[in-house]
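The sequence and structure come first.

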Amino acid sequence: MKLMFASDIHGSLPATEQVLAHFERSGAKWLILLGDILNHGPRNALPVGYNPGAVAERFNSIADRIIAVRGNCDSEVDQMLLHFPITAPWQQILMADQRLFVTHGHLYNPDKLPPLAENDVLVFGHTHLPLAEKQDTVYLFNPGSVSIPKGGFEASYGMLNDGVLSVHALNNTGVIAQVEITP
């Protein structure tokens, strides 16, 4: 199963357009949004092209192909604009031999892991920092941010394809991080 991940969009219409273009080209079955979809939050500067209403409309056009979780900047008012559920703090995606525990990262993260079995994957955003690695017995995956990257990284998104989790630069300059997940 091929999946695409995007996090911390923060209402940026240009970033949303790029995400949707990559999604269409990727052949991924699902687009997993890791929270902070429409609002920038009080700690972040306004992202380029801030237009949460238009972002909602663009994502609503593929609502039946989105799995999403709630970020710390998402609200019930945001849910009123979106045609797919965003209020769950976490989701689980079951694969043949392991699961992806999908969350924003402000509740569960590498410093506060949910209950995970050996070789499960914690997929999270929130930090705006890309990460793809195995830590002890679990995998950690963060696709970074598509609109407000931090730590000197480029804007980025994630992919799961043929057992490899990878973080890709949004502007097509290459792979930033990757890890092969094994059951």
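## Annotated region

An unreviewed UniProt entry places the feature "domain: Calcineurin-like phosphoesterase" at residues 1-160; such annotations may be inferred rather than shown by experiment. Over residues 1-160 the chain is 18% helix and 26% strand, with the end C-alpha atoms 8 Å apart. Helices (H or I, at least four residues) and strands (E, at least two) are DSSP runs numbered from the N terminus.

The model is predicted: local features need pLDDT of at least 70, side-chain atom pairs count only at pLDDT 80 or more, and totals for chains, interfaces and linings use all residues. Residues are numbered from 1 along each chain as its sequence is written, and side-chain values use heavy atoms, leaving out hydrogens and water.

## Helices α1 and α2

Helix α1 (residues 13-26) packs on helix α2 (residues 52-60) at an angle of about 15 degrees, their axes 9 Å apart. The two are therefore roughly parallel (angles under 35 degrees).

In the contact (heavy atoms within 4.5 Å), L13, T16, E17, V19 and L20 of α1 meet A54, V55, R58 and F59 of α2. These residues divide into six nonpolar, one polar and two charged. Buried residues (under 20% relative accessible area) of α2 are A54, V55, A56, F59 and N60. They pack against α1, β2 (30-33), β3 (66-68) and α3 (76-81).

## Positive phi angles

D36, not a glycine, has a positive phi of about 55 degrees. D36 lies in the loop between β2 and α2 and is buried at 2% relative accessibility.

N119, also not a glycine, has a positive phi of about 75 degrees. The loop between β5 (99-103) and β6 (121-123) holds N119, which is buried with a relative accessible area of 8%.

Methods:
Axes are lines fitted to C-alpha atoms, for helices over the stretch in contact, and angles run from 0 to 180 degrees between N-to-C directions. Angles under 35 degrees count as roughly parallel, over 145 as roughly antiparallel, 65 to 115 as roughly perpendicular and the rest as oblique. Ala, Val, Leu, Ile, Met, Phe, Trp, Tyr, Cys and Pro count as nonpolar, Asp, Glu, Lys and Arg as charged, and the others, Gly among them, as polar. Buried means under 20% relative accessible area, exposed over 50%, partly exposed in between (1.4 Å probe, protein chains only).
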